[in-house]
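This report describes one protein chain.

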Amino acid sequence: MSNLYRMVIAPLVALVAATSFAEDTCGDSGSPGYRGPNRKCVGWEALGRVCGCPPSTRCTPEQIAPDADDAACKGKEIQEDRDRQHDTIQRRGTHN
């Protein structure tokens with residue numbers, strides 16, 4: 001009986017250990033579905049900034065959400081507007 005027990009339990013433990021170390025696919029948990037250059041899933045907020053437009057420029061697509069490409073392009077535009085405003089404020093501050 002103990003031999004049979006070892007033959008069943010050992011492979012079961014190995015299977016559980018192997019699957020617990022598996023990496024989740026980006027997009028499984030509601031993210032846009034792109035893996036960034038740092039090999040971590042990119043969130044919606046950072047998609048345009050990290051991945052660019054189109055997001056496959058700098059990131060790896062995995063399980064892509066339907067609106068991810070549009071969100072990345074809009075996010076990139078927002079980041080550019082923000083940078084432009086920051087530069088304008090900085091220039092004003094040096095002229096006072």
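A residue counts as buried when its relative accessible area is under 20%, as exposed when that area is over 50%, and as partly exposed in between. Arg39, with 45% relative accessibility, therefore counts as partly exposed. The model is a predicted one.

## Overall fold

The chain contains three helices and two strands. Followed along the sequence, these elements come in the pattern α-β-α-β-α. Helix H1 covers residues 2-20 and strand E1 residues 34-35. Helix H2 covers 47-51 and helix H3 covers 68-94, with strand E2 at 60-61.

The chain has 96 residues, and 21% of them count as buried. Among contacts with a separation of 6 or more, 41% are between residues 24 or more positions apart.

## Disulfides

How many disulfides does a search of the whole structure find? The search finds three. With the bonded cysteines counted along the chain, the pattern of pairing is 1-2, 3-5, 4-6. The table lists each pair with its sulfur-to-sulfur distance and its torsion about the S-S bond.

| Pair | S to S distance | Torsion about S-S |
|---|---|---|
| Cys26 and Cys41 | 2.0 Å | about -95° |
| Cys51 and Cys59 | 2.1 Å | -90° |
| Cys53 and Cys73 | 1.8 Å | about 70° |

The disulfide of Cys26 and Cys41 is left-handed, because the torsion about its S-S bond is about -95°. Cys26 lies in the loop between H1 and E1, and Cys41 lies in the loop between E1 and H2, so this pair ties together parts that are 15 residues apart in sequence. Cys26 has 0% relative accessibility and so counts as buried. Cys41, at 39%, counts as partly exposed.

The link of Cys51 and Cys59 is also left-handed, with -90° about the S-S bond. Cys51 is at 0% relative accessibility and so counts as buried. Cys59 has a relative accessible area of 5% and is therefore buried.

Is the disulfide of Cys53 and Cys73 left-handed or right-handed? The torsion about its S-S bond is about 70°, so this disulfide is right-handed. The pair links distant parts of the chain, 20 residues apart: Cys53 is in the loop between H2 and E2, while Cys73 is in helix H3. Cys53 counts as partly exposed at 32% relative accessibility, and Cys73 is partly exposed with a relative accessible area of 24%.

## Backbone and a helix residue

Most residues other than glycine have a negative phi, and most peptide bonds are trans. Against this background, two places in the chain can be named. Arg39 has a positive phi, near 70°, although it is not a glycine. Arg39 is located in the loop between E1 and H2. The other place is the peptide bond joining Cys53 and Pro54, which is cis, with omega at about 0°. Pro54 belongs to the loop between H2 and E2.

Asp69 is part of helix H3. Its relative accessibility is 38%, so Asp69 counts as partly exposed. Which residues does Asp69 contact, leaving aside its neighbours within four places in sequence? Asp69 is in contact with Tyr34 and Pro55. The C-alpha atoms of Asp69 and Gly48 are 8.8 Å apart, and these two residues are separated by 21 residues along the chain.

## The largest pocket

Rolling a probe the size of a water molecule over the atoms shows where empty space is left. The largest pocket in this structure has a volume of about 160 Å³. Its lining consists of Trp44, Glu45, Leu47, Gly48, Arg49, Ala71, Gly75, Ile78, Gln79 and Arg82.

Where does the largest share of this lining come from? Helix H3 supplies it, with five residues. Helices H2 and H3 each contribute at least two residues to the lining. By type, the lining residues of the largest pocket divide into four nonpolar, three polar and three charged.

Definitions and conventions:
Residues are numbered from 1 along each chain as its sequence is written. This is a predicted model: local features need pLDDT of at least 70, side-chain atom pairs count only at pLDDT 80 or more; totals for chains, interfaces and linings use all residues. Side-chain values use heavy atoms; hydrogens and water are left out. On a 1 Å grid over the protein atoms alone, a cavity is a set of points where a 1.4 Å probe fits but cannot get out, and a pocket is an open set with protein on both sides within 12 Å along at least five of seven lines; lining residues have an atom within 4 Å of a point. Grid points are joined across faces, edges and corners, and a volume is the space filled by probe spheres set on the points. Helices (H or I, at least four residues) and strands (E, at least two) are DSSP runs, numbered from the N terminus. Ala, Val, Leu, Ile, Met, Phe, Trp, Tyr, Cys and Pro count as nonpolar, Asp, Glu, Lys and Arg as charged, and the others, Gly among them, as polar. Buried means under 20% relative accessible area, exposed over 50%, partly exposed in between (1.4 Å probe, protein chains only). Contact means heavy atoms within 4.5 Å. A disulfide is a pair of cysteine sulfur atoms within 2.5 Å.
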